[in-house]
Amino acid sequence: MARKVIRVKDLTKEYDGTTAVKEISFQVKEGEIFSLVGPNGAGKTTTVEILECLREPTSGEATVLGHDISDEAEKIKEKIGVMPQDFNTFDRLTAEENIKLMGDLYGSNNVEEIMKKVGVDKFKNKKFADLSGGMKTKVGIGMTLISNADLLFLDEPTTGLDPHARRETWNLIKDLKRMGKTVFLTTHYMEEVESLSDRAAILIDGEIEVLDSIENLIDQHGGGIKVRVLEDGRAVEIIHDKADEVLEGEDGTLTGIFDSKKEARQALIKLFQLDSKVEVQDAGMDEVFIRLTGGKIDEGGELV
Amino acid sequence: MNRALSLFISLLKNWIRSKSGVFFSVLFPIMLLLIFSTVFGGQEAVEYTLHVQNDDMVDGNATATSEGFIQALDSAESLNVKEVDNITEHREERTFGSYRGLRIKEGFNESAVNKSIELRMKVIRDTMRRANFTEDGFLDETNESDLENFTAESAEIVLLLSEDDQGAPMVKGTLHGVINSFNSRMLGLEENDSTVEVTEEMRDERGLQPVDYYLPGFIAAFIMTNGIIGVTSNISEYKRNGTMKRLTATPLKKRDWILANVGQQTVLAFSLTAVMILVAVLVFGAQAHLGPYAIGLIFLGSVAFCSVGIVLGGLIKDVEAASGAGNAIAFPMMFLSGAFIPIETFPDYLQTVARFLPLFYFHQGLREIMIFQNPSDAFLAYLIIGIFASIFIMLAIKTTRWKDI
């Protein structure tokens, strides 16, 4: 059984009478990518910054790598790597100089190795101010990795990046998992959660709505697998026979919704044997979020 | 300590690569030093313009005596004489600056000649009395009486000055000097006829110049502004753009952060001092000496004012507000402390205000050490800046937030 590297119990944070985080509890297992997902203002950054010892909780308990956040901040900071939200660093230092500075602060000197690993070596002599958003994120991850910590906190690392840079960052984060790192990720991109995470917690208004593995979340809250048949005859019969719910489209097509993947697979085998024309739409975290909250998060992170 | 050193090097590199940072921290003070020392360093060559209206004319030509008087005025080093037709009208044409006018009245020549005769007689009578000529019979009573009875009116000139003209005493002094010389010449004395002879001795040493006053003042003032304005702005900007949060999430300690900032400001202070002394010596021949006492006081000053910047940067969240607060403290202190202008020229109450400002003791102390080479007179400066530095370094530790930034 994997060790719990983060344990949070009834954690609450209030700012001037407003409760940003309300009695949340969760645990993060060693070696997993754990995502805290939610819209802007949900309390993601407040939670992660409490765990990074950058904020004091109002009440509740938390340990990081076995150390209590309330009185062992120095020990925790030495053992974790952090990439804060809206990450920034010294503008007029080069990418290499910024990573080296972090290396000096953590007492590690594998700058070249880290730069190569995250792809900073190609632009290491460029000043941070002159880098693109994607390059800056790579420097940020490099500055986080140079800590040589096994637990990394990445607070919205892909916000504001173009799709290409976002994909590159995802690959880097997947590499972190392959290296055996535990990653605590916050994001408002559902695709990112689904693509990267082992488990995720959906945070709304400071409270955890649901927490589970991505597979379970989609299975239980995704609304099932949708199979749309584009012709009449036997295929329609199979959909009516096997699907948990059948929807008739305005264009006359039929969509069968399967709650279970197993049922959907059996129906699809039969449809393929008949050489029927079908469209399959698997449920994702978007559907999970919509079904749980009744809303959707837009590109800017706002709940709509 | 290694963390503080690494951060110090990074802060220094980040600063050196900022063109505007280097300009306002080092080049701007040098420019001001050059301007002040040049503009206020040439006071001995100041000339006061005197507009002269000559009404003493005969057949449309100025009389010889009035012409001679004008020439005598013009030969004075501090006066620049310009003849005009009518000083009243000429004055009305002007809208800015002090106007100095002199009108030589009609009859100047005749009065001056007659008065000179009266004076000559006075001199003769006085001379004879001094020599007891009357007792020896060289001069009879009648002749003496003739001398007594001859009187004449003085020649008249009118000097026109403004009440607020600061150059008025200089112009009046010069004018009286010229009149005295003129009197002597009218009495028949030559230029060299004098009861008192002045012997000029030129000593082979350089006197203090304005640059010698300005140099310590500028060094102190800009170490202060770099600390209070520069550090405050930098810290609030690091807080705004997230760099500070990035640093606080690492094992870096609060004391390392303060040490690195103080270190950076100290290096900046010594660089500024070195460059300013170099420029002042090469351009103006300033006689500044940078010994261990000056280095010690500069170190204390940079620690003190950098700590003020760290306190302000730590307390104020908003970048604009932090920058405004830095300016609001630094600029009045810069001018009220007498760093640029001797406080002896201030009203009494402002002199009292100056003595409450740490910058006053900082630049006074530096002047005693660097210019007068009198470190013992800088004891009070050391004491006050030392206490100030200690208080603010403690406040900096207290007010720097390492959580909830």
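The following conversation concerns a predicted model and looks at chain B and then chain A.

Reader: How many helices and strands does chain B have?

Author: Chain B has 16 helices and six strands.

Reader: And what share of its residues is buried?

Author: Of the 405 residues in chain B, 35% count as buried.

Reader: What about contacts in chain B between residues at least 6 apart in sequence?

Author: Of those contacts, 82% join residues at least 24 apart.

Reader: Let us turn to strand β5 of chain B. Which way do its residues point?

Author: Strand β5 covers residues 101–104 of chain B. B:Gly101 and B:Arg103 point one way, while B:Leu102 and B:Ile104 point the other way.

Reader: Why would they alternate?

Author: In a regular strand, side chains alternate between the two faces of the sheet.

Reader: Are those four residues of β5(B) buried or exposed?

Author: All of them are buried.

Reader: Which strands pair with β5(B), and in what sense?

Author: Strand β1 of chain B, residues 48–54, pairs with β5(B) in the parallel sense over four bridges. Strand β6 of chain B, residues 157–160, pairs with β5(B) in the antiparallel sense, also over four bridges.

Reader: Now the helices. How do α1(B) and α11(B) pack?

Author: Helix α1 (residues 2–16) and helix α11 (residues 254–284) of chain B pack at an angle of about 45°, and their axes are 8 Å apart. The two helices are therefore oblique to each other. The crossing in which α1(B) passes α11(B) is right-handed.

Reader: Which residues make that contact?

Author: From α1(B), the residues include B:Leu7, B:Phe8, B:Leu11 and B:Trp15. From α11(B), they include B:Trp257, B:Leu259, B:Gln264 and B:Val267. The residues of the contact of α1(B) with α11(B) divide into 10 nonpolar, three polar and two charged.

Reader: At what angle do α9(A) and α10(A) cross in chain A?

Author: Helix α9 (residues 234–242) and helix α10 (residues 261–273) of chain A cross at roughly 165°, with axes that come within 10 Å. Hence α9(A) and α10(A) are roughly antiparallel to each other, and α9(A) passes α10(A) in a right-handed crossing.

Reader: Which residues meet there?

Author: A:Ala235, A:Ile238 and A:Lys242 of α9(A) meet A:Glu263, A:Gln266, A:Ala267, A:Lys270 and A:Leu271 of α10(A). The residues of this contact divide into four nonpolar, one polar and three charged.

Methods:
Residues are numbered from 1 along each chain as its sequence is written. Chains are lettered from A and ligands numbered from 1 in the order in which they are written. This is a predicted model: local features need pLDDT of at least 70, side-chain atom pairs count only at pLDDT 80 or more; totals for chains, interfaces and linings use all residues. Axes are lines fitted to C-alpha atoms, for helices over the stretch in contact, and angles run from 0 to 180 degrees between N-to-C directions. Angles under 35 degrees count as roughly parallel, over 145 as roughly antiparallel, 65 to 115 as roughly perpendicular and the rest as oblique. A crossing is left-handed if the near helix is turned anticlockwise from the far one by less than a right angle, and right-handed if clockwise. Two residues are in contact if their C-beta atoms, placed from the backbone, lie within 7 Å. Ala, Val, Leu, Ile, Met, Phe, Trp, Tyr, Cys and Pro count as nonpolar, Asp, Glu, Lys and Arg as charged, and the others, Gly among them, as polar. A residue is buried if 20 or more other C-beta atoms lie within 10 Å of its own, exposed if 12 or fewer, and partly exposed in between; C-beta atoms are placed from the backbone. Two strands pair if DSSP finds at least two bridges between them.
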